[in-house]
Protein chains: 2
Amino acid sequence: MTARVLVDGVEADRVSVLDRGLAYGDGLFETLRVVDGAAPLWTRHMARLREGCGRLGLSVPEVDVLAAEFARTACSPDGVVKIILTRGTGERGYAPSPRAAGTRVVMAFPPPVLSPDWYRDGIRVRCCELRLAAQPKLAGIKHLNRLEQVLARAEWSDAAVVEGLLFDQRGNLVSATAANVFVGIGGALLTPPVDACGVAGVLRGALLDALPGARVQTMTKEDLVQADEIFLTSSVRGVLPVRALDERALRVGRQTRAAQSHWRALGFPGAGA
Amino acid sequence: MTARVLVDGVEADRVSVLDRGLAYGDGLFETLRVVDGAAPLWTRHMARLREGCGRLGLSVPEVDVLAAEFARTACSPDGVVKIILTRGTGERGYAPSPRAAGTRVVMAFPPPVLSPDWYRDGIRVRCCELRLAAQPKLAGIKHLNRLEQVLARAEWSDAAVVEGLLFDQRGNLVSATAANVFVGIGGALLTPPVDACGVAGVLRGALLDALPGARVQTMTKEDLVQADEIFLTSSVRGVLPVRALDERALRVGRQTRAAQSHWRALGFPGAGA
């Protein structure tokens, strides 16, 4: 039997007003692209969730339970499944109750609406004004404190601009609002560190492991002027070439195409769509 | 008729799994101490909520509606009412839907458990290790992204330690985990700025307006060595003298007693309890 939403394994569409996920953003999430009923990057999503539980001091859910609930909700052959884990309900106060059982939400969404043009010709991207705060205790994991991303995404409403690049307070590139970023410069393929800000994207991790010469390196906004090519990565949207960064036109390069090939090799749909 | 929880004006105890308050901490809260069925600092709470709505781009709720819901939930003569405002439900993605109506939760809690000793003799406080990240776009308002406070509060479990002081990444004092802080040094009464980290507490604001010589000033951890007296302020817990900061004993001074007098003058119970 399939369900659109499971809360702690039971078909439901609501959580308690006392849930600490609502009160404090005290939890984690994962968003998995579903292809033919499976999540090609499942293992990496589970590893990040486990890492996040360790960092926040949450109980690690049993992967078998999550896998079963994923299977129950991922009813369409293609779509997106989102998992939210919180510290569960609590009365007022930041101190976590040692007795709190976590809350587990698993829910299905339709496939993302993606234009094939984006993957062939690239997308328009802007530089956001908001500067990300550095917090090593929260960097890398996919926690529920996402107001910076919400505010950054609210900076523009032009539908022709698909994403926005985010920088930290030193002016170093971090990511897009909902994607990681890779930059091809002089034959190298670089992506920023995520140990002070940002999320360690699962597709970012897969590409760092798979693409020859891909590596983590700090880049300033000024370094981007020398970029030969730029692409964004998201486990939901795949590899998105950047054809324009603010007023500057970019070409879709060899490294971007190699990343798209790897995306397909992982089992995702061709051209991301 | 009284209710313990109202969600958008209706008696309920759950919110949608799609609420952006849960998904991203995309919202605000206020926690009001209730005395004889009223909230003595109501006007300041509403002003901060309005400021937060402006900063996050949320619709400002009608104060009359909140006042009516406050009255419906604040059924005991004494207690605490918590208001949560979120951007409402949305599908996946950080971009706020222009059509989203916010979610409004108003809920009653019993009075806080406070020891009279705390107010007479002071409390034990520690310095937290976590350093707050600087984010001017979110500083001052009482938003729902509170993982830093949760992690800081999880640093200790010794029940004899009531609060922890938080510093920013430059080593400047900001606040306690759930209270503001005032420091008496050489006749001056200082509280840290909250324009890069921290929350502009309503009792902090009332004391800055009321106490002669009270002012905002940056202080380092080293400056605290010269403190003659330190107290914490919270609109729920009132004015808490600090009798020990880590290993160092402090006396409860004249300025602390003046702040406690003002708390009582505002209409709150004597000695905070």
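In the predicted model described here, 47 residues of chain B are in contact with 47 residues of chain A, two residues being in contact if their C-beta atoms, placed from the backbone, lie within 7 Å. On the side of chain B that touches chain A, two or more residues come from each of β1 (5-7), β3 (14-16), α1 (20-24), β5 (79-86), β6 (103-109) and α5 (147-153) of chain B. Helices (H or I, at least four residues) and strands (E, at least two) are DSSP runs, numbered from the N terminus. The most is given by α5(B), with six residues. By class, this side of chain B holds 24 nonpolar, 12 polar and 11 charged residues; Ala, Val, Leu, Ile, Met, Phe, Trp, Tyr, Cys and Pro count as nonpolar, Asp, Glu, Lys and Arg as charged, and the others, Gly among them, as polar.

Residues are numbered from 1 along each chain as its sequence is written, and chains are lettered from A and ligands numbered from 1 in the order in which they are written. As the model is predicted, local features need pLDDT of at least 70 and side-chain atom pairs count only at pLDDT 80 or more, while totals for chains, interfaces and linings use all residues.

Strand pairing also links the two chains. Strand β3 (residues 14-16) of chain A pairs with β3(B) in the antiparallel sense over three bridges, where two strands pair if DSSP finds at least two bridges between them. Within this pairing, Ser16(A) has Arg14(B) as its bridge partner in β3(B).

The largest nonpolar core comprises 163 residues, and those with the most contacts inside it are Val81(A), Leu166(A), Val181(A), Val81(B), Leu166(B) and Val181(B). A nonpolar core is a set of buried Ala, Val, Leu, Ile, Met, Phe, Trp, Tyr and Cys residues joined through C-beta atoms within 7 Å. A residue is buried if 20 or more other C-beta atoms lie within 10 Å of its own, exposed if 12 or fewer, and partly exposed in between, with C-beta atoms placed from the backbone. Apart from its neighbours within four places in sequence, Val181(B) is in contact with Leu165(B), Leu173(B), Ser175(B), Ala176(B), Thr191(B), Pro192(B), Ile230(B) and Leu232(B).

Chain A is assigned domain 1 (5-109) and domain 2 (116-272), with bounds from an automatic or database domain assignment. The centres of the two domains of chain A, taken over C-alpha atoms, are separated by 25 Å. Between them, 20 residues of domain 1 of chain A are in contact with 16 residues of domain 2 of chain A. On the domain 1 side, β4 (27-34) and α2 (42-56) of chain A each supply at least two residues. That side divides into eight nonpolar, six polar and six charged residues.

The 15 residues of α2(A) should span 21 Å at 1.5 Å a residue, and its end C-alpha atoms are 21 Å apart, which agrees; the expected span is 1.5 Å times one less than the number of residues. Arg44(A), His45(A), Met46(A), Arg48(A), Leu49(A), Gly52(A) and Leu56(A) are buried in α2(A). The cover over these buried residues includes β4, α3 (63-73), β5 (79-86) and α6 of chain A. Gly57(A), which follows α2(A), has a positive phi near 75 degrees.

Helix α6 (residues 202-210) of chain A contains Arg204(A). Arg204(A) counts as buried because it has 26 C-beta neighbours inside 10 Å. Leaving aside neighbours within four places in sequence, Arg204(A) is in contact with Asn180(A), Thr191(A) and Thr233(A).

Strand β14 (residues 238-245) of chain A pairs with strand β7 (residues 123-132) of chain A in the parallel sense over three bridges, and Val125(A) has Leu245(A) as its bridge partner. Four bridges join β14(A) to strand β13 (residues 229-234) of chain A, and these two run antiparallel. β13(A) and β14(A) form a hairpin with three residues between them.

In chain B, an open sheet of five strands has the order β2-β1-β6-β5-β4, with antiparallel pairing. β2 (10-11) and β4 (27-34) of chain B stand at the edges with a single partner strand each, so one side of each is left without a neighbour in the sheet. β5(B) and β6(B) pair in the antiparallel sense over seven bridges, and Lys82(B) stands opposite Met107(B) in β6(B).
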